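Have the sequence and the 3D view open as we go.

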Amino acid sequence: MAGRLNWLRAGVLGANDGIVSVAGIVVGVAGATTGRQPIVVAGVAGLVAGALSMATGEYVSVSTQRDTEQALLEKERTELREMPEEELEELTGMYESRGLPRPLAEQVAHHLTEHDALGAHAEIELGIDPDELTNPWHAAFASLLAFFVGALLPVIAILVPGHSWRVPVTFVAVLIALAVTGRVSADLGGAPRRAAVLRNVGGGAIAMVITYAVGHLVGGVI
């Protein structure tokens, strides 16, 4: 359950990044020009580039984490093979330090070592489940999909209305979406909803105001 909640939280945050990033792009371009084509091109380019960037970054990050986990597990296998008595004593000491009486700690350590020595040491020493290592491809695809779904909202919002309503409609749609993602992320993390929503909505509003102003200034100069 904890693993699923972490994945869900990561998905919500990825969608949130897509909303804010692409909203800033399309609003900034809309501030510089009234042409529909530049806004479409910028929005789609930002959506594709952002999704691929998120996927690549997540793949590299999780691959590094997985390599580290595998290296630690291999080190543990070597220690269990070359000095089993010392490792058994180490495991006993860890359970003893967690409050078990020495006789019970020894009994637990012996039982777990006989059942799955590597799994026992990996769990208590490293916090790793050897059978559930992180998958970089799953992480990359999840990040790509989350960003893509979030980024679609500002692209659609700015293209559907007429010229005079593009920016206001996008602002409203994005802020509503950010309020939703802020509330969901707060619920998943057990945090206060109000503060999370205000942070999310406030940050998104500031980002869009700044990018619109910059786009308007640059468009006026060019």
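A residue is called buried at under 20% relative accessible area, exposed at over 50% and partly exposed in between, using a 1.4 Å probe and protein chains only. This is a predicted model, where local features need pLDDT of at least 70, side-chain atom pairs count only at pLDDT 80 or more, and totals for chains, interfaces and linings use all residues. Residues are numbered from 1 along each chain as its sequence is written, and side-chain values use heavy atoms, with hydrogens and water left out.

Start with asparagine 16, which lies in helix α1; helices here are DSSP runs of H or I with at least four residues, numbered from the N terminus. Asparagine 16 has 11% relative accessibility, so it counts as buried. Contact means heavy atoms within 4.5 Å, and, setting aside neighbours within four places in sequence, asparagine 16 touches Leu178, Thr181 and Asn200.

Glycine 28 is also in helix α1, which covers residues 2-32. Its relative accessible area is 9%, so glycine 28 is buried. Beyond its neighbours within four places in sequence, glycine 28 is in contact with Thr211, Tyr212 and Gly215. Glycine 219 is 191 residues away in sequence, yet its C-alpha is 9.5 Å from that of glycine 28.

Now over to helix α7, residues 193-221. Buried in α7 are Ala196, Asn200, Gly204, Met208 and Gly215.

What angle do α6 and α7 make as they pack? Helix α6 (residues 166-189) meets α7 at about 150 degrees, with the axes 8 Å apart. Axes are lines fitted to C-alpha atoms, for helices over the stretch in contact, and angles run from 0 to 180 degrees between N-to-C directions. The two helices are therefore roughly antiparallel, a label for angles over 145 degrees, while under 35 is roughly parallel, 65 to 115 roughly perpendicular and the rest oblique. On the α6 side the contact includes Leu178 and Thr181, and on the α7 side Asn200 and Tyr212 are among the residues involved.

For another arrangement, look at helix α3 (residues 84-97) and helix α4 (residues 102-126), whose axes come within 8 Å and cross at roughly 110 degrees. That makes α3 and α4 roughly perpendicular to each other. Among the residues making this contact are Leu88 and Leu91 of α3 and Ala105 and Leu112 of α4.
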